[in-house]
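Please read the following report alongside the sequence and the model shown below.

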Amino acid sequence: MPTVADVHCHFFSAGFLEILTKDRADFPAEGRASAVAAHLGWEAPGDPALLADRWAAELDRHKVQRCALIASIPGDETSVATAVSRHPARFVGFFMFNPLAPDAAARLANALGPLGFRAVALFPAMHRYRLDDPAVDAVFEAAAAHGAAVFVHCGVLSVGVRKKLGLPSPFDMRLGDPLAVAALALRHPRVQVIIPHFGAGLFREALMAVDQAPNVHLDTSSSNGWIKYHPGLTLDAVFRQALAVAGADRLLFGTDSSFFPRGWHAPVYEAQRAALSTIGVNAAAAAMIFGGNFERLFPNVHAE
Ligand SMILES: [Zn+2]
C-alpha cells in the first residue's frame, strides 16, 4: 500500500485552548483547557506528549503513516515540538506565525532552529498584514535557510473553534491573496509553498499562482465548503481542474482534522478518494497526492 500522509492536522493542545481563551474571564485559571474542552464537547487534550500518543494511535487506526501537526496559535510551538520529538517519524511540525509580532525574529529562529519545525504557517487575514510586507520576505528567507516550507492561508477564513467560543474574529480576507503568494514564491524559488483548501474560494487565483510559480502547491484539505461560491461546482470538477493546471505532483492531501473524539477526519479522505476515482485518476497520481508529495517535501529523516 502506498503511504498516506495528511498535510493538514491541527494540534489542539491544552496550550492552544489556554492561549485562545486568555481574555475570557468565564473559564477558570486552574484547569482552563479542560473546562474549555468540556464547553466545546471535546475531550480534554491533556499533556502534549499524551495527546501526541493519542494522535499516533489514531493514525494507526486509519492506516495513515504521517501527518503535519500545526501549532495553531502563536505561542503554542512547544506543544507541537513535544509531539514531534515523541514521534519524529510520524509527525512534521508546522507553526502559526505572525511576522509582525514584536518577538517575531527570535520566535522564528527558535522554531526553525532548535524546535525543528518544517513549515511556517501564515494567516495574513487573521493577523492583518500584507503579503508584500518586508517582514514576510524575512520569513521566506528564514525558511530558505532552514529548508522549511511556507504555508499561506488564502481566501475565506473561518475558524470553527473561535466561532463556537464566540471569540471576535475580525479577519480581512482581502489580505490572503494567492496572487501575492505567487509573487513571493517567484522571489524565493527554493521555498516550497502550500496554499490550503485549493485557495479557499480563490480557486482561480490559486490555479494562477500554481501555473506561474513551480514551487506553489495546493492542499486539498477540509470539506472545501468554499465550493458553494461557484454555481454548480463539484469536488470532482475541482480535482479535475487542479490536476490539469498543477499536475498530480503539486497537490497535497489533507483533512483539516483537529479535535478528539472526532479525531482523524476519515470522511474527508473518503470523499477525495471517491472524487479521484470518479474522474479516473490513475494509481500513480493518486499515490503522489495522498502521500508521495508529502514525502518529497518533508522526507522522513527519523525512520523508526
Ligand atoms: Zn486548518
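The report takes up the metal site, then a pocket, then selected helices and loops.

This is a predicted model, in which local features need pLDDT of at least 70 and side-chain atom pairs count only at pLDDT 80 or more, while totals for chains, interfaces and linings use all residues. Residues are numbered from 1 along each chain as its sequence is written, and side-chain values use heavy atoms, with hydrogens and water left out.

**The zinc site**

The zinc ion has as its protein donors His8 (NE2), His10 (NE2) and Asp256 (OD), which lie 2.0 to 2.2 Å from it. Donors here are N, O and S atoms within 2.8 Å of the metal (3.2 Å for Na, K and Ca), and because water is not among the atoms, sites may look incomplete. Along the chain the donors follow the spacing H-x1-H-x245-D. His10 lies in strand S1 (residues 5-11) and Asp256 in the loop between strand S8 (251-252) and helix H12 (266-278), so this pair ties together parts that are 246 residues apart in sequence. Helices (H or I, at least four residues) and strands (E, at least two) are DSSP runs, numbered from the N terminus. His10 counts as buried at 12% relative accessibility, where buried means under 20% relative accessible area, exposed over 50%, and partly exposed in between (1.4 Å probe, protein chains only).

**The largest pocket**

The largest pocket holds about 1,100 Å³ of space. A pocket is an open set of points on a 1 Å grid over the protein atoms alone, where a 1.4 Å probe fits and protein lies on both sides within 12 Å along at least five of seven lines; lining residues have an atom within 4 Å of a point. The volume is the space filled by probe spheres set on the points, which are joined across faces, edges and corners. Of the 43 lining residues, Leu157, Ser158, Val159, Gly160 and Val161 are the closest to the pocket's centre. At least two lining residues come from each of S1, helix H1 (14-20), helix H6 (124-127) and helix H8 (160-165), and H8 gives the most, with four residues.

H12 has 13 residues and reaches 18 Å from its first C-alpha to its last, close to the 18 Å expected at 1.5 Å a residue, the expected span being 1.5 Å times one less than the number of residues. Its buried residues are Ala266, Val268, Tyr269, Gln272, Ala275 and Leu276, and they pack against helix H11 (235-246) and helix H13 (283-297). In helix H10 (residues 203-212), the buried residues are Phe203, Glu205, Ala206, Leu207, Ala209 and Val210, and what covers them includes helix H9 (178-187), strand S6 (193-195), strand S7 and H11.

**Backbone and loops**

| Residue | Phi |
|---|---|
| Asn224 | near 50° |
| Asp256 | about 70° |
| Gly280 | about 75° |

Asn224 lies in the loop between strand S7 (216-219) and H11, and at 2% relative accessibility Asn224 counts as buried. Pro261 lies in the loop between S8 and H12, and a cis peptide bond with omega of about 15° joins Phe260 and Pro261.

His153 is found in the loop between strand S5 (149-152) and H8 and, at 6% relative accessibility, counts as buried. Leaving aside neighbours within four places in sequence, His153 is in contact (heavy atoms within 4.5 Å) with Leu122, Phe123, Pro124, Gly176, Pro196, His197 and Ala200.
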